[in-house]
Amino acid sequence: MIRITDILDKVAELYPAADLDIIDRAYIFSARVHDGQVRLSGEPYLSHPLEVAGILADMNLDPVSIAAGLLHDVIEDTHSTPEQIEEMFGPEVRHIVVGVTKLSTLPFSSAQARQAENIRKMLLAMADDIRVILIKLADRLHNMRTLQFHKEAKRRQIARETMDIYAPIAARLGIYWIKNELENNSFMYLMPEEFARIESLVATGREEREHFVATVKGFISEKMAASGLACEVLGRYKNAYSIHQKMISQNLAFEDVYDIIAFRIILDTIPQCYEALGMVHSLWKPIDIKFKDYIARPKPNMYQSLHTTVIGPKGERIEIQIRTQEMDRVAKSGIAAHWSYKEGQALDETASKRFAWIQDLVENQENIRDPEEFLENVRIDLFPDEVYVFSPKGEVKTLPKGGTPVDFAYLIHTEVGSQCTGAKVNGRMVPLSHELATGDTVEIITSKNHNPSKDWLKFVKTVKARARIRQWIKTQEKERSLSLGREMCEKAFRKHRLNFNNLLRSEKMTEVVEQFGFKSVDDLMVSVGYGKTTPLQVLRKFVPKTEEEEKPHSILDRLIGRVRRKKPKAGVLVKGLDDILIRFGKCCQPVPGDPIIGYITRGYGVTVHRTNCINALKVNPDRQIDVEWTESNTESYPVKILISAIDRVGLLADIATNISKLEANIASLTTDMRANKTAEIHLTLAIRDTEHLNRVLAAIRKIRLVQDVRRIDA
């Protein structure tokens, strides 16, 4: 366990004039309030805030940040209050600690809702003071280092959240060493067999690679010295997750991943970097399409380097990065390298502009209440790959990879997006679904009478475009549902000789609206039009019970009155009811154990989707209805999986045997062969639940030469 003296020594070395008293007092306070608490590892709880503070010291943060790191859990896990923190350590420390604290005391409808609100709060605090997220990243990093003490299900849950949210945030902030460690540790828990396989393969050829590293470093150093360029040459190994991603994205076998080792040349000035690039290209032949100049055009997180790939001394590809000492410091520390430590100052203006995406991210999410939609949108906003395109006037716009002219149009203005009818890219007409590339000049063609199309949701990539399109669709559906709801109620009331239009303006109707929990009569009618509320439910508020009891019960009456006549067939309950048509979304194929949500579809009952299904996220939230799996279920459900493997004799036989041993049935199988002897095998399996599926996937991963196996959407 790190000691407080080690942390104080680091800070004193960096900032000789810094007041270390605040760190000392924070340590003493944290030790006192956490006294008696232990972690799952059995260590005193104080070890965690100390390790977090140590990571922050390694990031060269100021004493206030380190004090906040020592106190980051005291509000959540002890009886300490924000007022107490402010009184003892000042408003700045309180502000940071409150920003990091989870919403653990507030009630939420689900774990997803709690996670969404925690992340929402963190993003808001992060936009206000970037130190909040730096402390949160340090906290998550240490938790990932000690994740082995949790149960397996919890480990997978935390690892998935880390991979989806925290690693991309670290990448966007340019703190690559944290991003790489978070990804690698998450990979270790999400795909343990694949992680162990890649680590073993890397270790097997390590001696030969070390000799290769020494040879290449020698060539580069000799060439630079001959040109009078003083430099440092480093060779580094890719981590297991990076290798795995490359194997999957480029469909490669491990032996074909050329940049398991990458080289870095560090110099003093920018002109020296370009001179060194020329020297490297004179030494080995470059691969043109692999050259990237991040010095002339830095990444949004301030990362700068020259990237080139060359054909090395033995005909193999070598990836080389060339940068200055300052660029290397920024590449390691990201935004932390630009932090201003002077009292009363925040991030410098240049850095603030670089990180304007944080404010955009917050603004994009502030009106989204559905937790699953919120989390999905945050993942989209954090997607690291970006393209840079130009307006006809030469303005540069940044879009996520795969962005389309519709995304570009909404980026300019909501009205431009809504009225978009066509687009020209580099002077040529293209479909609205056309994927833009860096350097494209985009011109949007609009028409005043044009409206967004629901089909746009299939290809837009930005959260802003998706949100605006959904908002328009929701408005249109609301108007139709309002009209339909009134019509349905008029018919139902007419059967009982009641004038619905007269009752609409009565005090009784106002009471009924409040009883249903709506703010206005229109909201109630919209709910009826959607199918979430039935006309009979509204009618019952006006018709005496005795009159209703004389009439025979219809199927709808039994449904509303929760009269159960038979066991549910589909394995799903809708708000605890049965006798209602259930169908499963073919897009995501949910199975018992998956978090699910239902959507009312007029004429088709309730369609059940996995909560993270992209198609479910496109549906109007007002059509959403709670569903749950039944406790006892003997049905089998179709699940699609994709296996990537090096082709060999007996591969399919081994896969079929392992699946059969676990009592899963193969419903369909197709195989695609690649030029590099890699096979892609698409299987549809009949599975009982997610636990059964995970056992099948684990068994397939153990088969020789299987590179990857994962569940896919239809």
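Reader: Which side chain does the side chain of Asp139 make a polar contact with?

Author: A polar contact is a pair of N or O atoms within 3.5 Å; within protein, one must be able to donate a hydrogen and the other to accept it, and residues adjacent in sequence count only if both atoms are side-chain atoms. Here the side chain of Asp139 pairs with that of His72, at 3.2 Å. Keep in mind that this is a predicted model, where local features need pLDDT of at least 70, side-chain atom pairs count only at pLDDT 80 or more, and totals for chains, interfaces and linings use all residues. Residues are numbered from 1 along each chain as its sequence is written, and side-chain values use heavy atoms, with hydrogens and water left out.

Reader: Is Asp139 buried or exposed?

Author: Buried means under 20% relative accessible area, exposed over 50%, and partly exposed in between (1.4 Å probe, protein chains only). Asp139 comes out at 6%, so it's buried. Contact means heavy atoms within 4.5 Å, and beyond four places in sequence Asp139 is in contact with His48, Val52 and His72.

Reader: Which helix does Asp139 lie in, and how does helix α9 pack with helix α11?

Author: Asp139 lies in α9. Helices are DSSP runs (H or I, at least four residues), as are strands (E, at least two), numbered from the N terminus. Two packed helices are described by the angle between their axes and the distance between the axes. Axes are lines fitted to C-alpha atoms, for helices over the stretch in contact, and angles run from 0 to 180 degrees between N-to-C directions. For α9 (residues 131-145) and α11 (residues 176-190), that gives about 35 degrees and 10 Å. On the α9 side, the contact includes Leu137 and Met144; on the α11 side, Trp177 and Tyr189 are among the residues.

Reader: How is Met279 placed, buried or partly exposed?

Author: Met279, found in helix α15, has a relative accessible area of 21%, so it's partly exposed. Met279 touches Lys223, Met224, Ser227 and Leu229, leaving out residues up to four places away in sequence. Met279 and Lys223 are 56 residues apart in sequence, yet 6.9 Å apart C-alpha to C-alpha.

Reader: Where in the chain is confidence lowest, and where highest?

Author: pLDDT is the predictor's confidence in each residue, from 0 to 100. Where pLDDT is low, the predicted coordinates should not be read in detail. The chain's mean is 80, with 82% of residues at 70 or more. Confidence is lowest in helix α28 (residues 555-560), at a mean of 43, and highest in helix α15 (residues 270-283), at 92.
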